[in-house]
Amino acid sequence: MVDALRPLTSRVSRRLSPDTPESRDVRKFKKSLVAAGIPLGGPEAKFAQVGRKSLATMIDAGLVPSHRVVDIGAGSMRVGWWLMHYIEPANYYAIEPLRDRIDTAARLLGVRINALYNDDFTFPDVAVDFAIARSVWSHASKVQIAKMISEFARTATPGAGFLASVRPAADAAEDYTGDEWVGKGPDSDDPGMVNHSLDWIEAECSSHDLTMKEYGELNSQTWVLMRSPH
């Protein structure tokens with residue numbers, strides 16, 4: 001599949017057909033992950049769609065093929081697969097504590113992935129042009145979110161973007177104040193998701209000289225776009 005790692009073109013959009021060669025290739029990748037026993041991070045039927053739409057949103061927010069990108073909580077590479085087809089694979093950095101997921105994806109793709117196997121959200125020591133955290137902040141504590149924001153600010157190039165999805169808290173009662181990561185347990189029907197105040201996120205960004213704005217809806221979540229100063 002390494003030959004498929006080629007830059008996508010402007011055809012990448014929210015209207016990209018499920019019958020394009022790229023979509024057929026990612027379906028093969030998904031089947032290989034399932035056969036290897038790797039969790040997909042969401043519904044199997046939406047694996048390709050989630051990654052495709054995430055990439056389209058990043059492109060709308062300014063991502064270009066020459067960017068260095070950090071994929072936080074890369075998991076089974078449902079977003080990373082598309083990123084590695086759009087940017088240079090050497091410019092893709094994955095943060096994921098579960099080593100077998102990234103290593104299996106790398107083996108199936110036949111490429112080397114710049115992986116950081118950490119659960120403290122430390123960024124690579126490179127100049128970062130774009131970061132993404134899809135369905136990560138909906139499980140993270142404020143301490144963890146603050147770490148991601150500070151790491152982005154530490155490594156960001158001028159004008160770099162950071163796209164994250166969050167479940168906005170409607171009031172103080174909904175605002176998660178715990179210190180732990182919240183996830184779905186193996187024997188639970190609870191989705192294990194938390195809400196955060198957008199005002200708190202904006203204030204945290206401001207403390208690092210970053211701007212923040214809402215950037216559209218994502219199911220029950222909202223995209224926020226943070227940007228470093230030019």
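This is a predicted model: local features need pLDDT of at least 70, side-chain atom pairs count only at pLDDT 80 or more; totals for chains, interfaces and linings use all residues.
Student: How many helices and strands are in the chain?
Tutor: The chain has six helices and seven strands. Helices (H or I, at least four residues) and strands (E, at least two) are DSSP runs, numbered from the N terminus. Starting at the N terminus, the order of elements is α-α-β-α-β-α-β-β-α-β-α-β-β.

Student: In what order do the strands form the sheet?
Tutor: The seven strands make an open sheet ordered β3-β2-β1-β4-β5-β7-β6, with mixed pairing. Two strands pair if DSSP finds at least two bridges between them.

Student: And which strands stand at the edges?
Tutor: Those are β3 (114–116) and β6 (211–218); each has a single partner strand, so one side of each lacks a neighbour in the sheet. On average, neighbouring strands of this sheet are turned by 20 degrees against each other, direction ignored.

Student: In which sense do β1 and β2 pair?
Tutor: Strand β1 (residues 69–72) and strand β2 (residues 92–95) pair in the parallel sense, over four bridges. D71 stands opposite A94 in β2.

Student: Which strands does α5 touch?
Tutor: Helix α5 packs on the sheet and touches β1, β4, β5 and β7 (221–227), and its direction makes about 160 degrees with that of β5. Contact means heavy atoms within 4.5 Å. Axes are lines fitted to C-alpha atoms, for helices over the stretch in contact, and angles run from 0 to 180 degrees between N-to-C directions.

Student: What about α6, where does that helix lie?
Tutor: Helix α6 (residues 198–206) lies across β5, β6 and β7 and runs at about 140 degrees to β6.

Student: Changing topic: how many aromatic pairs does a search of the whole structure find?
Tutor: The search finds five aromatic pairs. Rings of Phe, Tyr and Trp (its six-membered ring) pair if their centres lie within 6.5 Å; planes under 30 degrees apart count as stacked, over 60 as edge-to-face and the rest as tilted. In one of the pairs, W137 and F162 have ring centres 5.7 Å apart and planes at 80 degrees, so the pair is edge-to-face.

Student: Where do W137 and F162 lie?
Tutor: W137 is in the loop between β4 (128–133) and α5 (142–155), and F162 is in strand β5 (residues 156–166), so the pair ties together parts 25 residues apart in sequence. W137 and F162 are both buried, where buried means under 20% relative accessible area, exposed over 50% and partly exposed in between (1.4 Å probe, protein chains only).

Student: Why is the pair of F152 and F162 tilted?
Tutor: Their ring centres are 5.3 Å apart and their planes are at 55 degrees, so the pair counts as tilted. This pair links distant parts of the chain, with F152 in helix α5 and F162 in strand β5, ten residues apart. F152 is buried, as is F162. Ring pairs link W137, F152 and F162 into a cluster.

Student: Which residue lies over the face of Y117?
Tutor: R99 does, at 4.0 Å from the ring centre. K142 lies over the face of W200, at 5.4 Å from the ring centre. A charge sits over a ring if NZ of Lys or CZ of Arg is within 6 Å of the ring centre and within 35 degrees of the ring normal.

Student: Is H208 buried, exposed or partly exposed?
Tutor: H208 is partly exposed, at a relative accessible area of 27%. H208 is in the loop between α6 and β6 and touches I149, S150 and A153, not counting residues up to four places away in sequence.

Student: Where is T57 found?
Tutor: T57 is in helix α2 (residues 47–60). T57 counts as buried at 5% relative accessibility. The side chain of T57 reaches the backbone oxygen of K53 at 2.9 Å.

Student: Finally, what share of the chain counts as buried?
Tutor: Of the 230 residues of the chain, 52% count as buried.

Key
Residues are numbered from 1 along each chain as its sequence is written. Side-chain values use heavy atoms; hydrogens and water are left out. A polar contact is a pair of N or O atoms within 3.5 Å; within protein, one must be able to donate a hydrogen and the other to accept it, and residues adjacent in sequence count only if both atoms are side-chain atoms.
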